[in-house]
Structures are given as C-alpha cells and as structure tokens.
Amino acid sequence: MQQHSQNSPFAPGAVPPALTDGRSHRSGGWAAKRITGAVAALAAVVGLSSLATPGAHAAENPYERGPAPTTSSIEAVRGSYSVSQTTVSSLSVTGFGGGTVYYPTSTADGTFGAVAISPGYTGTQSSISWLGARLASQGFVVFTIDTNTTLDQPDSRGRQLLAALDYLTERSSVRSRIDSSRLAVAGHSMGGGGSLEAAKSRPSLQAAIPLTPWNTDKSWPEVSTPTLIFGADGDTIAPVSSHSEPFYGSLPSSTDKAYLELNNASHFTPNSSDTTIAKYSISWLKRFVDNDTRYEQFLCPLPRPSLTIEEYRGNCPHRS
C-alpha cells in the first residue's frame, strides 16, 4: 500500500506536472500510471530492505555473543557476562582429574562455545584459574582441569583435555549451555604441549592456545586447528628457540596460526593474570570458536611490538 505526504507531487488524483505539457489525456494517464507504479515498486523495495536488514545481520553469524568489542572491553579483567562456577570432583569423572567449570550465569543468549585448559608439569588448576573466569565473562564455558597426576606428560595431558571436553558436553551439569560443535583447548607448559596433542588428535576442534608450551615433539604438520602460540622471551624452561618457535614454524601454511612472544616474560607468566595473554586469547577464541569477525581487528593487521609484545607472527587475512 502506498502512503503519500501532503507535499508529494504524486498525491492521489494529481497529475504530475510533467504530464501537462500538451500531451493527450490518454498518453498522460498511461505515463502517470507508469510513474506511480515505479514509485510503489521503489517503496516496496525500500520497505523490504529495512525489514530484512536486522534479520539478515543476525543470520550472518548465529554464534556472536556479547556486545561489539573494544580494546578496553577485551583488556578488562571481566567481560559483559556474570560468571558462575561449579567444582567437578575427580571421583565423578574418568580420564582426567576433575576441575572447575566457569560459565556465563545467564542463558538468555543461548549456548556458548567451550574451552578446556590444562595446567603444566607439577601444576594444578589453581595455576590457571584466573584465565578460566576471565574467558567465561566474555561468553565461553571454561573448564580448568586437574590432571591425573601432576607429573603427566604432554601426550597424556592432550588425551585428558579431550576427555574433559567430552565430560563437559555429555555429562556435566552445564552441558545444555554448550554448543558441542564449538570447542577449544589451551594449556600451560606441558599442558600447552598437550593442547597441540589434542588438536592433532581431534581436527574438529575450533581453536588451540598453547601457553609457553613444552613438548619433546617439535613438529606439528598434522594440526589443522587454528592455533595461537604464546612464547616468552625470558623462558629458560621451554626456550622459544627450541619450543614455541619451531612449534609455530611446523604448523602448515594452510592452518590459521599465530605466534606471540611476550616481552619481559618468563615460563611462568601464564600462571598469573596477564592482560596481553587474555586480550589475544579472547580475540582468538571469539574469532575461531564463535566465528566472530568483529574481533579480527585485534589480530589483523598483525599486532606490532610493544612493551608487552616482543614479536608477533601470523597469517593475515585468516582463512577460516
């Protein structure tokens, strides 16, 4: 239905001025109808466009969670979601040592992607708990796990990360909050080496984040999961020259990958709250677990060296 303002030259019943130039009444009527029809068609198109735009935008990425990001929002100690947590006893699970699940309290936004995080050699989940709560507040379900023993090697930790994800999506009290197709792994030291093992074993993972990783295996050409590796310039336990750098270099060029070397950092920097680790972990998980290209701005162009970044390597633009 057409609507006309009082000032419209095509008000109902009016003949457009251009048609009063001596043409026959029959010709003028035909032209008037043609112009009126064109105006109606244009109005319909504009109307449909304005109605379709919000829905089309929402349908572009159904996994988007939370408000549009800013530098301050991803550097904040807490994101936009309130977080709850639940403890998982080692006696109630098999394949790993239990842990703590951090998750957005609200269910209004639907399901979330999930991340399992392993501590390093001799470490427990308390050493990485800061990252669990911080990631959850940005819109993820995060499981910081204890391993079967604190001496478990990377290959075992990789299997335990996958067992933790399986428990989280199949048996946990928060399983209904999780989209089981959007899962990721992370870990510190031998847990970081374990995250590479997990990504190698389960290509369906959406992201992996090894934090100052340690592993005797230096080559990972089988990994197709988007992987962000954090190294530390002062690491003497897993020196970047023999761990993080060759790990990164061995990832295939077809894999979305990045290497961030922390400046003025040690092997144990990931065991304390760290804004740079959080900022780029959030961006990586949002970009590849949630397919949220709003976070691409923090990863491409490649971040430049700064007070906290010694160097950053990666492929831009991303392929996934």
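Predicted model: local features only at pLDDT ≥ 70, side-chain atom pairs only at ≥ 80, totals over all residues.
Is Thr 212 buried or exposed? Its relative accessible area is 1%, and the cut-off for a buried residue is under 20%, so Thr 212 counts as buried. What surrounds Thr 212, once its neighbours within four places in sequence are set aside? The contacts are His 188, Ser 189, Phe 230, Gly 231, Ala 232, Asp 235, Ala 238, Ser 244, Ser 266, His 267 and Pro 270. Asp 235 is one of these partners; 23 residues separate Asp 235 from Thr 212 along the chain, while their C-alpha atoms lie 7.8 Å apart in space.

Now step back to the whole protein. The fold holds seven helices and nine strands. Of its 320 residues, 49% are buried. If you take the contacts between residues at least 6 apart in sequence, 68% of them join residues at least 24 apart. The accessible surface amounts to about 14,600 Å², with 54% of that belonging to carbon and sulfur atoms.

From here we can turn to how helices meet. Two packed helices are described by the angle between their axes and by the distance between those axes.

Take α4 (residues 154-170) and α5 (residues 190-201) to begin with: their axes come within 7 Å and cross at roughly 65°. The crossing is right-handed. On the α4 side, the residues involved are Pro 154, Asp 155, Arg 157, Gly 158, Leu 161 and Leu 162. They meet Met 190, Gly 191, Gly 193, Gly 194, Ser 195, Glu 197, Ala 198 and Ser 201 of α5. Sorted by class, this contact has five nonpolar, six polar and three charged residues.

The other pair to look at is α3 (residues 129-136) with α7 (residues 275-288), whose axes come within 11 Å and cross at roughly 45°. The two helices are therefore oblique to each other. Here too, α3 passes α7 in a right-handed crossing. Which residues of α3 take part in the contact with α7? They are Trp 130, Arg 134 and Leu 135, and across from them in α7 are Thr 275, Ile 277, Ala 278, Ser 281, Ile 282 and Leu 285. The contact of α3 with α7 is made up of six nonpolar, two polar and one charged residues.

Notes: Residues numbered from 1 in each chain as written. Heavy atoms only, no water. Axes fitted to C-alpha atoms, helices over the stretch in contact; angles between N-to-C directions. Helix = DSSP H or I, 4+ residues; strand = E, 2+ residues; numbered from the N terminus. Parallel < 35°, antiparallel > 145°, perpendicular 65-115°, else oblique. Left-handed = near helix turned anticlockwise from the far one by under 90°. Contact = heavy atoms within 4.5 Å. Nonpolar A, V, L, I, M, F, W, Y, C, P; charged D, E, K, R; others polar. Buried < 20%, exposed > 50% of the residue type's maximum accessible area, 1.4 Å probe, protein only. Areas by Shrake-Rupley, 256 points an atom, 1.4 Å probe, with all protein chains shown as cover.
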